Every structure is written in C-alpha cells, then in structure tokens.
Amino acid sequence: EWIPFIGTLFFFIFGCNWAGAIIPWKLIELPEGEFAAPTNDINTTVALALLTSLAYFYAGLSKKGFGYFKRYIQPIPLLLPINILEDFTKPL
C-alpha cells in the first residue's frame, strides 16, 4: 500500500543527490545567483518532511479512525503539547 509513496520519495531523493554529484552546478552562474542541487535547498527538505508527516497522519487516521488522537493524551493530558511536537519533529 505504501510502496509507491516510499519508492517515489526514494527515487526523487536519489535523483536529486546524483544530480548534485554529477552536474557541476557551481560553474553555471545566473544574475540572481547560482544553480544548486535540489536537495541543497532547505525548502525541498521541509516539503518532503511535511509530505511524510501528512502520510503518517493519514495512515493513523485510516487505520484507527479518530481514536488515533487518543494516543496524544494517553500517559497524562499534560503531555499533549509534547506529543504533538514529537510528531512534527520526527521527519526532520
């Protein structure tokens, strides 16, 4: 079920890293700056992390329904902010 998503992420990151290793991006200069490998930009990393987080929440909701959110308050409700922060910092 998750093989296409994981495979797409793998080949995207693999291709971007190889493009950064093979193509001499620093030799191409533009008036606004210079080219760089796609994975060299923090925006690409953040976008991939957000996609992974959304897929994680989707999987939890589709498997357990709204009972999925019970795990955020299970030890004690006081830990709710920490549990939410943990889920958003996992992919980063």
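Which residue forms a salt bridge with Arg71, and how far apart are the closest N and O atoms? The partner is Asp87, with those atoms 2.8 Å apart, where a salt bridge is a side-chain nitrogen of Lys or Arg within 4 Å of a carboxyl oxygen of Asp or Glu. Before I go on, please keep in mind that this is a predicted model, in which local features need pLDDT of at least 70 and side-chain atom pairs count only at pLDDT 80 or more, while totals for chains, interfaces and linings use all residues. Residues are numbered from 1 along each chain as its sequence is written, and side-chain values use heavy atoms, with hydrogens and water left out.

Back to the salt bridge, then. The count under this rule comes to one. Arg71 sits in the loop between helix 2 (42–64) and helix 3 (80–89), whereas Asp87 belongs to helix 3, so the pair ties together parts that are 16 residues apart in sequence; helices here are DSSP runs of H or I with at least four residues, strands are runs of E with at least two, and both are numbered from the N terminus. Arg71 counts as partly exposed at 29% relative accessibility, but Asp87 counts as buried at 2%, given that buried means under 20% relative accessible area, exposed over 50% and partly exposed in between, with a 1.4 Å probe and protein chains only.

Across the whole structure, the search finds 11 aromatic pairs, a pair being rings of Phe, Tyr or Trp (its six-membered ring) with centres within 6.5 Å, stacked if the planes are under 30 degrees apart, edge-to-face if over 60 and tilted otherwise. For Phe57 and Tyr68 the centres are 6.4 Å apart and the planes at 75°, so this pair is edge-to-face. It links distant parts of the chain, with Phe57 in helix 2 and Tyr68 in the loop between helix 2 and helix 3, 11 residues apart. Both residues are buried, Phe57 with a relative accessible area of 17% and Tyr68 with 5%.

Finally, a residue elsewhere in helix 2: Thr44 is placed in that helix and, at 18% relative accessibility, counts as buried.
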